[in-house]
Amino acid sequence: MKIGMDKIGFFTPPTYVDMVELAKVRDVDPNKYLIGIGQEKMSIASNNYDAVAMAANAAQAILTEEDKEQIDMILFATESGVDQSKSGATWVHDLVGIQPFVRSVELKQACYSATAGLQLAMGHIALHPESKVLLLASDIAKYGLNTGGEPTQGAGAVAILLSAEPRILEIEKESATYTEDIDDFWRPNYSELAFVDGKYSNEAYLNTLKASWGRYKDQQHANLSDFEALVFHVPYTKMGRKALQALEDEMTEEVTERFNTYYESAIRYNKTVGNIYTGSLYLSLLSLLEQADELPSDARIGLFSYGSGAVGEFFIGKVQAGYKDYLQTTAHEAQLNNRHKLSIEEYEDLLTHPVEVDEAGNASFTASEVISKEDFIFMAVREHRRQYGKMNEYAGQGE
Ligand code: HMG
C-alpha cells in the first residue's frame, strides 16, 4: 500500500519586507541579502496571524467536507506555540470544522518536528488505511531587529493531507534519522526571540545532512544519482546551495547540473517568504512540485529535514503520475504576488509591539485592512482565552 501526501496547502501572511529596502536601512550591501543570504522578500506576521491562525488558513484551503469527516488525527508541528498545555491542533480542529473523533496533538523539535509528524502519520495510516491525517507546520521566525538572523526571518504555514493511495507524493518507508544534543539555535521559554550561534548552526546543519545521508546510503546501498532532485530544509536559500555543495564530491557533473536546476524551482517560494521553520522543507517541496516542469512519474526526490538542537532525517518521496492536477499553483502564486509591502518603519513597529495581555487577561489589537475577509485571524484575548475567527466576523472585537 502506498502512503503519502494527497494534498498540500500553504499560507503566508499578506505583508512582507523587501530585502533591498531592509539592507539600505541597515547599511548593508543589498547583494549580501540577495546573493549572500539568497532572500528577496520575507513575510511578516502582524499580531492577527499567530501559528494557529496561519495553520487554520493553510488547512481550510485544501480540505473538503469529505476530508473533514475522514481525518482522525491532527498533528501540529511548531516552535511558535501559543500555549504550554493546549495544542494548536485543538483550535484548528474547531476552526476548520473537523469531526470530533480525532487524536489532536502538538509536536516540537525545532524545524524538524513536521517530519516527525509525517512519520507518525505513516505508521498510523499503515495500521488504519482508511484514515486521513492532517499535518500542520506553522511558524514565525523572529530573531529581532539588527541581529545577524534578521534577514532570515519569515512566517507561514503548510498543511498536508496524508492518506493511503496519495495523489501527489508517496513517502517511502525507509529513512535515516540522526540526533545530537547541541546548542546551535534555541528559544528558552522566557524569550520571544530565538538565540542562535549562526556560523555553528550552518556547520551543524551540514554535519547532520552528511550523517543522515551517510546512514541512508550505507543501509540502503543508495547513490545520489538514484534521485531526480534533492529538497532541503531552507532557513535561507543560500543554505540549500551549501548543502548541494557539501554533497558534490559524490555527484557526477550531470547529476550536479540536474540538482542545481531543480534547486532553482525548489526555492522560488522560500526566496520570497523567508524561514518558516517547521514548514520550510515542505514549502520548498511545494515550490519544486509547482514551479518545475512536470517531473517524471515515480521520480524519487531525496528530502533532508533539519531541526536545530539537533535532529535530521533523510527520506524519500516518489512523485505520482498526474500530480500537477492536485496542486493549487495559481492560488499560491496569487497569494505570494498579492502581498502588501511594509515600510521598514511599519515592520519595526510590528516586531516591537507584540500582543500584551493585561492583568485581567485581556488583550486587544486592531486588524489591518489588508487582511482578506475569508482569513482566520487571532482576534483578541478575553480572560486569558484566545479568540479566533474569520476576519469577516471580526467587527471590532479587537477594540
Ligand atoms: P552573517 O554573519 O550575517 O553573514 O550570518 P556572513 O557575513 O557570513 O555572510 C553571509 C554570506 O553572504 C557569506 O557567504 C558572505 O560571503 C556573503 P557564504 O560564506 O555563507 O557563502 N556576502 C555577500 N555576497 C554577495 N555580495 C555581498 C556580500 N556580503 C556578504 N556584498 C547567518 C549569516 C545565516 C549565519 C545569519 O543570518 C544567521 O544567524 N541566521 C539564522 C541561523 C540560520 O538560519 N542558520 C541556518 C542553519 S540552522 C537551521 O537551519 C535551523 C533553523 O531553521 C532553526 C530551527 O531548526 O528551528 C535556523
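**Helix H6**

The expected span is 1.5 Å times one less than the number of residues; helices (H or I, at least four residues) and strands (E, at least two) are DSSP runs numbered from the N terminus. Among the buried residues of H6 are Leu 118, Met 122 and Ile 125; buried means under 20% relative accessible area, exposed over 50% and partly exposed in between (1.4 Å probe, protein chains only).

**Basis of the model**

This is a predicted model, in which local features need pLDDT of at least 70 and side-chain atom pairs count only at pLDDT 80 or more, whereas totals for chains, interfaces and linings use all residues. Residues are numbered from 1 along each chain as its sequence is written, and side-chain values use heavy atoms, with hydrogens and water left out.

**Aromatic pairs**

The structure holds 16 aromatic pairs, defined for rings of Phe, Tyr and Trp (its six-membered ring) with centres within 6.5 Å; planes under 30 degrees apart count as stacked, over 60 as edge-to-face and the rest as tilted. Phe 11 and Tyr 49 form a tilted pair, at 5.4 Å centre to centre and 40° between the planes. This pair links distant parts of the chain, 38 residues apart: Phe 11 belongs to strand S1 (residues 3–11), and Tyr 49 to the loop between strand S3 (41–43) and helix H3 (51–60). Phe 11 is buried at 6% relative accessible area, as is Tyr 49 at 2%.
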